[in-house]
Amino acid sequence: MDRQWEDFLASHEGDLNDVARSRSARKFDKAARKAEKKAQFDVNDLKDDAFATPSYGRGPRDFQGRSWLDTDDVMDGDSTFTPPNPDLGPVNRAAALFVGMTTVGVLCLVASILVPSVSALLGSVGGVLTLLGAGGMFLRHRGHSETRRDEFDDGARV
């Protein structure tokens, strides 16, 4: 059998050399070499010391450090942060009056829809109160340009 194979190779030597030098043969050799490299390396071949070994253990229940779930405790532990406690100051009586008028006016308008027997009276009173309250709030609004402290003030307040 070996003799017949050697005779076959000798008789077709030129054809086999052409095939061996072809582009397909080179691609096949490259793929075979790449596959051999992949097969030569396996994670089971490595020792446990090749991986980072934490000082507190190996499993997830052995973790003794801080987690991102402990963010509140971490932030409160070493931080000098003081949460803001804004002082709103005294409430302006005129502003409170206009807000109250607008609120009562809207409630009267809703009541005029729900109580048809007095809808004319409630609708008229509610409309007047809503217009006066909203108009008063609009006229009292100073706007951004009047509340600036300097030319670089963008209006952001904490």
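Good morning, colleagues. Please keep in mind that the structure before you is a predicted model.

I begin with the overall picture. The protein has six helices and zero strands, and along the sequence the pattern reads α-α-α-α-α-α. Of its 158 residues, 8% count as buried. The accessible surface comes to about 14,500 Å², and carbon and sulfur atoms account for 59% of that surface. Consider next the contacts between residues at least 6 apart in sequence: 48% of these join residues at least 24 apart.

I turn now to helix H5, which runs over residues 93–114. This helix has 22 residues, and from first C-alpha to last it reaches 31 Å, close to the 32 Å expected at 1.5 Å a residue. At its N-terminal end, H5 is capped by Asn 92, with a side-chain oxygen 3.1 Å from the backbone nitrogen of Ala 94.

Which residues of H5 are buried? They are Phe 98, Met 101, Thr 102, Gly 105, Cys 108 and Ser 112. Viewed down the helix axis, the buried residues fall within an arc of 130°, so they line one face of H5. Arg 93, Leu 107 and Leu 114, on the other side of H5, are exposed. And against which helix do the buried residues of H5 pack? They pack against H6.

Thr 102 counts as buried because its relative accessibility is 15%, and the cut-off for buried is under 20%. Leaving out residues up to four places away in sequence, Thr 102 touches Leu 129, Thr 130, Gly 133, Ala 134 and Met 137. With one of these, Ala 134, there is also a polar approach: the backbone nitrogen of Ala 134 lies 3.2 Å from a polar atom of the Thr 102 side chain.

The other residue is Ser 112, likewise located in helix H5. Ser 112 is buried, at a relative accessible area of 11%. A polar atom of its side chain lies 2.6 Å from the backbone oxygen of Leu 109. Setting aside neighbours within four places in sequence, Ser 112 is in contact with Ser 119, Leu 122 and Gly 123.

Gly 123 sits in helix H6, which covers residues 119–140. With residues up to four places away in sequence not counted, Gly 123 touches Leu 109 and Ser 112. Gly 123 and Ala 111 are 12 residues apart in sequence, and their C-alpha atoms are 8.2 Å apart in space.

Finally, I come to the aromatic rings. How many aromatic pairs does the model contain? The count comes to one. The pair is formed by Trp 5 and Phe 8 and is stacked, with 5.6 Å from centre to centre and 25° between the planes. Both residues lie in helix H1, residues 2–11, three residues apart, or about one turn of the helix. In general, an α-helix has 3.6 residues a turn, so residues three or four places apart point the same way.

Thank you for your attention.

Terms used:
Residues numbered from 1 in each chain as written. Predicted model: local features only at pLDDT ≥ 70, side-chain atom pairs only at ≥ 80, totals over all residues. Heavy atoms only, no water. Helix = DSSP H or I, 4+ residues; strand = E, 2+ residues; numbered from the N terminus. Contact = heavy atoms within 4.5 Å. Phe/Tyr/Trp six-rings, centres within 6.5 Å; stacked < 30°, edge-to-face > 60°. Expected span 1.5 Å × (residues − 1). Buried < 20%, exposed > 50% of the residue type's maximum accessible area, 1.4 Å probe, protein only. Arc of directions from axis to C-beta. Polar contact = N/O pair within 3.5 Å; in protein donor to acceptor, adjacent residues only side chain to side chain. Areas by Shrake-Rupley, 256 points an atom, 1.4 Å probe, with all protein chains shown as cover.
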